[in-house]
Amino acid sequence: MSESAAKSAIGEAFTTFAAAMQAGDIDALSKLVADGFSLTHITGYVQPGHEWVAQMRQGKFVYYRINIRDLNIQIDRGHAHLV
């Protein structure tokens, strides 16, 4: 896969992820993440994925709207970073 195609696929996956977050669709989110994933919040807190999913199930995280303004996707030695 070309780097351009990989970046496009990553962007599409993130858009799907954001839509599942907004919908509170835990099943869809679970299919989109790897075991042992983590999230970095805007505060800088790195939250283990299992903790975040548990809090989503409890209704502690409710995403009313997610606006994706810009995606910066970098691929380096087979690893992608999305900001």
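On a 1 Å grid laid over the protein atoms alone, a pocket is an open set of points with protein on both sides within 12 Å along at least five of seven lines, and its lining residues have an atom within 4 Å of a point. Grid points are joined across faces, edges and corners, and a volume is the space filled by probe spheres set on the points. By these rules, the largest pocket has a volume of about 1,200 Å³. It is lined by 29 residues, and those closest to its centre are Phe14, Phe17, Leu39, Thr40 and Leu82. Two or more lining residues come from each of helix 1 (3-23), strand 1 (38-40) and strand 4 (79-82). Helix 1 is the element that contributes the most to this lining, with six residues. Rolling a probe the size of a water molecule over the atoms shows where empty space is left.

The structure is a predicted model, in which local features need pLDDT of at least 70 and side-chain atom pairs count only at pLDDT 80 or more, while totals for chains, interfaces and linings use all residues. Residues are numbered from 1 along each chain as its sequence is written, and side-chain values use heavy atoms, with hydrogens and water left out.

Turning to the overall fold, the protein has three helices and four strands, where helices (H or I, at least four residues) and strands (E, at least two) are DSSP runs numbered from the N terminus. Read from the N terminus, the order of these elements is α-α-β-β-α-β-β. The C-alpha trace spans about 40 × 25 × 25 Å along its principal axes. Among contacts (heavy atoms within 4.5 Å) with a separation of 6 or more, 42% join residues 24 or more positions apart.

The surface comes next. The protein exposes about 6,200 Å², of which carbon and sulfur atoms supply 52%; accessible areas come from the Shrake-Rupley method with a 1.4 Å probe, and for residues only the protein chains shown count as cover. Of the 83 residues, 19% are buried, buried meaning under 20% relative accessible area, exposed over 50%, and partly exposed in between (1.4 Å probe, protein chains only).

Several individual residues are worth a look in the viewer. Met21 lies in helix 1 and is buried, because its relative accessible area is 12%. Beyond its neighbours within four places in sequence, Met21 is in contact with Leu29, Trp52, Met56, Tyr63 and Ile66. Between the C-alpha atoms of Met21 and Gly78, which are 57 residues apart along the chain, the separation is 26 Å.

His81 sits in strand 4 and is partly exposed, with a relative accessible area of 49%. Not counting residues up to four places away in sequence, His81 touches Asn72, Ile73 and Gln74. His81 and Lys7 are 74 residues apart along the chain, yet their C-alpha atoms are separated by 9.8 Å.

Finally, Arg77 is found in the loop between strand 3 (73-76) and strand 4. At 76% relative accessibility, Arg77 is exposed. Its phi is near 50°, a positive value in a residue other than glycine. Most residues other than glycine have a negative phi.

Key
On a 1 Å grid over the protein atoms alone, a cavity is a set of points where a 1.4 Å probe fits but cannot get out, and a pocket is an open set with protein on both sides within 12 Å along at least five of seven lines; lining residues have an atom within 4 Å of a point.
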